[in-house]
Amino acid sequence: MSKQDYLVRATAAEGAVRAFAVRSAELTDEAQRRHQLYPIASAALGRTMVVALCMGSMLKGKEHITIQIHSEGLLRGLVVSADSAGNVRGYVRNPKVHLPLNSKGKLAVGEALRPGTLHVIRDMGLREPYQGSVELQTGEIGDDFAYYFSLSEQTPSVVSVGALINPNGSVRTCGGYIIQLLPTADNGVADRLEERLPHIPAVTTMLDSGKTPETVLHQVLGDFNVEIWEQREVQYFCPCSLDRFRQGLITLGRDELKSLAEEQETLELVCHFCQEKYYVSRDEVLRLLDDM
Ligand SMILES: [Zn+2]
């Protein structure tokens, strides 16, 4: 693939293992620039977007997935949304958090997120979207999703996600992989995987040395006979528009709109997900009121 950011889906061990790998430095860097994220926030959002893209790649058509982390930590939490076409967007509630590196010399994502809860909402176009939630374990994202997959979806999983942030705040590397054991996997597969994992380098090390998502999966799954099924581009994309914001204003109701029109010459509306700004004049608000 010519584009830097992409995702691959694979199976291994004759279909007993499902695997995903993503390289997402560019889209995470775009998120960093749009939201002016400090490094810890970039890492938290970047790691979560990797998982969202993997989960999104399992969806079809207009289905989408939303991941919310409600946090009492300094970051206050984050929201990420991904669709079935490789689009992802997200924001961190308090992106301007700085903490010393943790005991492993890494960005202190867990310390900035815990305690908190992880919520997954899958909108499959049904009346009631699927929802699952778990308490954050380490708050390092990978561990938390591994716990979520095993508890809420009964799918034992290895989730390895990471980001390297440059001293100037830009994103050097971001990506990760998810390995899931399907019900057909016998204990032998789980045991062999467990033996391999301690010898696998960190995913950021692999990606930073130029490994592609495919070679990452080959390195992690070694002799499990990896079969790559799909490659797809992934990007930061927000479908917001002035029209959507106008529709949103209508849902505020007449009284609220009236007082907004009285207070302000021009409304400035900011999209949480992408920081795009939209402006609605008083005249337009009055016209919306006329149409209600
Ligand atoms: Zn937007």
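Let's start with an arginine and a ring: R192 lies over the face of F224, and the distance to the ring centre is 4.3 Å. Keep in mind as you look around that this is a predicted model. Besides that contact, there is a zinc ion held by C238, C240, C271 and C274, a group of aromatic rings around F145, Y148 and F149, and a largest pocket of about 780 Å³.

**Charges over rings**
- In the opening example, R192 is the charged residue and F224 supplies the ring.
- R89 does something along those lines with F273: its charged end sits over that ring, 3.9 Å from the centre.

**Aromatic pairs**
- Two numbers are enough to describe a pair of aromatic rings: how far apart the centres are and the angle between the planes.
- The count of aromatic pairs here comes to five.
- Take F145 and Y148: their ring centres are 6.5 Å apart and their planes meet at 80°, so this pair is edge-to-face. The cut-off for that label is an angle over 60 degrees.
- Both residues belong to helix α4, which covers residues 142-152. They are three residues apart, or about one turn of the helix.
- Are F145 and Y148 buried or exposed? Both are buried.
- F149 joins in too, as ring pairs link F145, Y148 and F149 into a cluster.

**The zinc site**
- Why is the arrangement called tetrahedral? The four donor atoms subtend angles of 100 to 116° around the zinc ion, and that makes it tetrahedral. The rule asks for all angles to lie between 85 and 135 degrees.
- For four tetrahedral donors, the ideal angle at a metal is 109.5 degrees.

**The largest pocket**
- This pocket has a volume of about 780 Å³, and 29 residues line it.
- Lying nearest its centre are R47, K106, E140, V161 and G162.
- The elements giving two or more residues to the lining are α2 (39-56), α4, β8 (157-165) and α6 (203-208).
- Which element gives the most to the lining? That is β8, with eight residues.

How values were computed
Residues are numbered from 1 along each chain as its sequence is written. This is a predicted model: local features need pLDDT of at least 70, side-chain atom pairs count only at pLDDT 80 or more; totals for chains, interfaces and linings use all residues. Side-chain values use heavy atoms; hydrogens and water are left out. Rings of Phe, Tyr and Trp (its six-membered ring) pair if their centres lie within 6.5 Å; planes under 30 degrees apart count as stacked, over 60 as edge-to-face and the rest as tilted. Helices (H or I, at least four residues) and strands (E, at least two) are DSSP runs, numbered from the N terminus. Buried means under 20% relative accessible area, exposed over 50%, partly exposed in between (1.4 Å probe, protein chains only). A charge sits over a ring if NZ of Lys or CZ of Arg is within 6 Å of the ring centre and within 35 degrees of the ring normal. Donors are N, O and S atoms within 2.8 Å of the metal (3.2 Å for Na, K and Ca); water is not among the atoms, so sites may look incomplete. Four donors count as tetrahedral if all angles lie between 85 and 135 degrees; four count as square planar and six as octahedral if opposite donors are over 155 degrees apart and all others between 65 and 115; anything else is irregular. On a 1 Å grid over the protein atoms alone, a cavity is a set of points where a 1.4 Å probe fits but cannot get out, and a pocket is an open set with protein on both sides within 12 Å along at least five of seven lines; lining residues have an atom within 4 Å of a point. Grid points are joined across faces, edges and corners, and a volume is the space filled by probe spheres set on the points.
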